[in-house]
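Me: I have a structure open that I have not looked at before. Can we go through it piece by piece?

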Amino acid sequence: MARRLRFNGTGSGEGGCPAVHEDLDSGEVIVHGQPLTDPEDVGRLRHLSEGEVAIVVPRDLLVDWTPKDKTRHVRIIDLDAFGKLFENFEHTAWRLETRRRYASDDISDTYDQFLRGERPVWDLDTPWARAIKAKTAGGAIVGRVRIVDTPPTDGQRYLTAHAEKNQALGEDIRNLSRTHAEALQLPLEDFWLFDSRLVALLRFDGDDNLVDVELITEPSEIVRYARVRDAAWHQAVPYQEFTAEPSE
């Protein structure tokens, strides 16, 4: 079906090029202009995927003519696209884990080993493990803060054991008590923050299954999540040193 496009404005005289159009059905913005062709300049671009073309437009064109909405449109990606984020980040990937249980853990062989009182045998050669190890070996920082209840749930106890695998891949794992997290007014949101520019908000169903992921890129929201990271990271302790607070 053909797009219903509305011409919003131009950066070089009415009807000229470059220009901005808006798709009236999807809300997508279409910008056209002169392509960036110098190989050296193209080589400096980050996150330019195969098939994409870079174009050059005046800053005023985007400021004056790009459609602006009062409400944020939610952008949802599936779990395959979520996995790609760990291949594409460059410098840092940081997570806040707030849940008492993750259904994906319950079905793993290592979870059964843990519940039997055995030391789990971690597989360090999965696609995930190889990707994270390659990133940290290249100098990237991967870290997490895990919120732990008093007393810890079985799922949280398992994740404390699982931190041994995370550490072997180069991750920095820290724990924070639920009581302390509430005192810091940390949100209940479970999320990853990539390169301080992109948030992946994890969305779960009522049975604790991860179903999809919301991407957030608004600068004000990124700042909010970065402040959550800073507060949690500052107050959390390495998982080896963590002791849950005694019950009152």
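Me: Let's start with Q185. Is Q185 buried or exposed?
Reply: This is a predicted model, and in it Q185 has a relative accessible area of 71%. The cut-off for exposed is over 50%, so Q185 counts as exposed.

Me: Where is Q185 in the chain?
Reply: Q185 is in the loop between α8 (178–183) and β10.

Me: And what is phi of Q185?
Reply: Near 60 degrees, which is a positive value in a residue other than glycine. S196 also has a positive phi, near 55 degrees, and is not glycine either.

Me: Where do I find S196?
Reply: Look in the loop between β10 and β11. S196 is partly exposed, at 36% relative accessible area.

Me: Other topic, the peptide bonds. Which residues does a cis bond join?
Reply: T150 and P151, with omega at about -5 degrees. P151 belongs to the loop between β8 (141–148) and α7.

Me: Now the inside. How many residues are in the largest nonpolar core?
Reply: It has 25 residues. Among those with the most contacts inside it are F82, W192, F194 and L215.

Me: Which elements supply at least two residues each?
Reply: The helices are α3 (79–88), α5 (109–115), α6 (127–137) and α7 (154–168). The strands are β10 (191–194), β11 (198–204) and β12 (210–216). β11 gives the most, with 4 residues.

Me: What about a second core?
Reply: There is a separate one of 18 residues, including W94, I147, I216 and A236. In soluble globular proteins, nonpolar side chains tend to be buried together.

Me: How many aromatic pairs are there?
Reply: The structure holds 13. In one of them, the rings of F86 and W128 have centres 4.8 Å apart and planes at 75 degrees.

Me: Why is that pair called edge-to-face?
Reply: Because planes over 60 degrees apart count as edge-to-face, and these are at 75 degrees. The pair links distant parts of the chain, with F86 in helix α3 and W128 in helix α6, 42 residues apart.

Me: How accessible are F86 and W128?
Reply: F86 is buried, at 4% relative accessibility. W128 is partly exposed, with 31%.

Me: Which cluster are they in?
Reply: Ring pairs link F86 and W128 with F82, F89, W192 and F194.

Me: Last one: which charged end sits over the ring of F204?
Reply: That of R99, 4.2 Å from the ring centre. K135 lies over the face of F89, 4.8 Å from the ring centre.

Key:
Residues numbered from 1 in each chain as written. Predicted model: local features only at pLDDT ≥ 70, side-chain atom pairs only at ≥ 80, totals over all residues. Heavy atoms only, no water. Core = buried A, V, L, I, M, F, W, Y, C linked by side-chain atoms within 4.5 Å. Buried < 20%, exposed > 50% of the residue type's maximum accessible area, 1.4 Å probe, protein only. Phe/Tyr/Trp six-rings, centres within 6.5 Å; stacked < 30°, edge-to-face > 60°. Lys NZ or Arg CZ within 6 Å of the ring centre and 35° of its normal.
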